[in-house]
Amino acid sequence: MTSPSSSVSSLTHDDLGSAAQRARHQRILDATIALASQGGFDAVQMRAVADRADVALGTLYRYFPSKIHLLVSALAREFEQANEAFARKPLPGDTRAERMAAVLHGATKSLQRDPHLTEALTRAFMFADASVGDESRAVAHQVTRLLMRGLAEPGQEIDDPTEEQLAITKVVRDVWLAGVVQWVTGRATAEEVTTSLDVTVRLLLRP
């Protein structure tokens with residue numbers, strides 16, 4: 001079965017008016033993550049997700065118009081959960097560069113612990129076109145928040161970045177994604193990705 005409409009965005013949290021809808025949304029994303037962790041991008045089939053989440057296939061398509069919408073939404077949730085994890089304890093480091101490196105190292109190691117999942121989510125993000133704009137923007141928003149944890153000045157809210165901070169997070173985000181793609185495709189080792197990120201942060205955040 002193909003998506004009935006590839007131009008419709010996934011339902012957002014604001015669209016989910018009832019507790020049952022939110023629980024169903026959560027089960028769908030949980031099922032997606034589980035399948036991707038087991039077999040990567042190809043293992044995430046809409047019927048398999050529907051069966052694992054115990055929802056009708058038509059219901060799944062009402063929540064997520066396509067597999068790409070589904071996986072990019074799952075990526076946004078993964079970064080949202082990473083934000084929650086980093087918020088629970090202070091970042092190590094006395095400088096912005098040290099704190100930014102701590103965020104990147106921690107998040108990158110987390111991605112590398114589940115290569116099948118990372119492969120699935122990264123491929124989906126690469127394949128996402130304009131029809132997945134809302135979901136892609138949700139990913140960018142969560143990554144910006146994550147990187148702002150390293151950039152924020154004392155007392156600054158991470159959701160209130162300056163123009164300079166936004167520019168820095170965009171550069172770091174692009175380098176990070178490129179590094180993850182190279183790692184997923186076997187063109188770079190984990191160490192090489194980490195080194196590239198460290199160089200980027202050091203150059204952008206010179207004292």
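Visitor: How are helix 7 and helix 8 oriented to each other, parallel or perpendicular?
Guide: The axes of helix 7, residues 133-151, and helix 8, residues 163-184, come within 9 Å and cross at roughly 110°. Angles from 65 to 115 degrees count as roughly perpendicular. The two helices are therefore described as roughly perpendicular.

Visitor: Which residues of helix 8 make the contact with helix 7?
Guide: From helix 7 the contact is made by Ala140, Val143, Thr144, Leu146, Leu147, Met148 and Leu151. On the side of helix 8, the residues are Gln165, Leu166, Ile168, Thr169, Val172, Arg173 and Trp176.

Visitor: Is serine 136 buried or exposed?
Guide: Serine 136 lies in helix 7, and, leaving out residues up to four places away in sequence, it touches Val72, Phe125 and Ala128. Residues under 20% relative accessible area count as buried. Because serine 136 has 18% relative accessibility, this residue is buried.

Visitor: Over which residues is the pLDDT below 50?
Guide: The chain has a mean pLDDT of 91, and 94% of its residues reach 70 or more. Where pLDDT is low, the predicted coordinates should not be read in detail. The stretch with pLDDT below 50 is residues 1-7.

Notes:
Residues numbered from 1 in each chain as written. Predicted model: local features only at pLDDT ≥ 70, side-chain atom pairs only at ≥ 80, totals over all residues. Heavy atoms only, no water. pLDDT = per-residue confidence, 0-100. Contact = heavy atoms within 4.5 Å. Axes fitted to C-alpha atoms, helices over the stretch in contact; angles between N-to-C directions. Helix = DSSP H or I, 4+ residues; strand = E, 2+ residues; numbered from the N terminus. Parallel < 35°, antiparallel > 145°, perpendicular 65-115°, else oblique. Buried < 20%, exposed > 50% of the residue type's maximum accessible area, 1.4 Å probe, protein only.
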